[in-house]
Amino acid sequence: MKGLIFNYFEQYISETYNTDIWESILENAPLESGTVFVSPEIYPDGDFFSLLNQAAIELKIDLTQILKEFGTCLFGYYVENYSSLIDFAHDPKKFLMGINDYVHMEAKKIMKGATPPLFICKDIAPDKLIMKYYSDRNLCMLVEGILIGVSKYYNVYIEFKQTTCTHRGDDMCTFELTFSEICPYKSIC
Ligand code: HEM
């Protein structure tokens with residue numbers, strides 16, 4: 001996993017909770033690569049999972065909740081730093097349909113060695129989209145959080161139902177999305 005994601009995780013913990021908690025997570029998580037994460041470098045996925053698990057212990061919050069919250073903030077950080085990869089789409093459905101062929105493709109050019117997940121999208125109705133998420137990292141709760149971030153950014157409500165999940169033995173995670181204009185969310189992170 002790219003150092004960038006570790007850096008954003010630090011930013012999320014420090015801003016949402018505080019820097020002391022981040023220091024304590026770093027100190028107590030078993031890490032293969034040490035405690036300094038540089039954005040362009042690549043670190044073992046296991047270290048990212050260690051930090052997530054330690055955060056759940058220190059904060060006494062369910063791991064799935066942390067991933068979801070982090071996903072929402074992560075999209076906020078992308079909006080601040082990579083708006084050129086978002087501007088091509090004026091609505092969330094077009095944006096999400098472009099994740100593989102544009103967003104992650106361009107991200108891979110800027111961030112050497114990044115291995116983002118694969119999304120296969122099926123456009124089944126004007127207000128609906130089916131997204132299949134494929135990744136050995138099995139971070140579907142992060143996807144859920146990012147979807148909330150996307151929803152907030154475009155001010156379009158994205159209602160989603162997860163109909164398959166690798167954590168339940170399926171081959172991939174499937175999200176069935178419905179878009180509607182009334183959005184209950186406020187700020188991004
Ligand atoms: C401007 C927008 C985006 C940028 C710049 C971006 C970039 C990246 C990068 C650099 C990684 C790390 C890959 C690695 O470390 O090997 C990543 C991972 C990931 N991205 Fe994106 N991404 C964007 C939007 C999205 C969206 C909209 C979704 C889903 C709805 C998404 C889902 C994920 C997930 C789940 C991962 C974690 C790794 C995995 O599951 O294997 N990303 N992304």
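Trainee: Which residues touch the most other members of the largest nonpolar core?

Mentor: Phe70 and Val143 do, in a core of 43 residues. This is a predicted model: local features need pLDDT of at least 70, side-chain atom pairs 80 or more, while totals for chains, interfaces and linings use all residues. Numbering starts from 1 along each chain as its sequence is written.

Trainee: What makes a set of residues a nonpolar core?

Mentor: Its members are buried Ala, Val, Leu, Ile, Met, Phe, Trp, Tyr and Cys residues, joined through C-beta atoms within 7 Å. Buried means 20 or more other C-beta atoms within 10 Å of the residue's own, with C-beta atoms placed from the backbone.

Trainee: Why is this core said to lie between domain 1 and domain 2?

Mentor: Both domain 1 (3-61) and domain 2 (89-180) give residues to the core, so it lies between them. The bounds come from an automatic or database domain assignment.

Trainee: How many residues of each domain are in contact with the other?

Mentor: 4 residues of domain 1 are in contact with 4 of domain 2. Contact means C-beta atoms, placed from the backbone, within 7 Å. The C-alpha centres of the two domains lie 24 Å apart.

Trainee: What is Val143 in contact with, beyond four places in sequence?

Mentor: Gly71, Tyr133 and Phe175.

Terms used
Contact = placed C-beta atoms within 7 Å. Buried ≥ 20, exposed ≤ 12 C-beta atoms within 10 Å, placed from the backbone.
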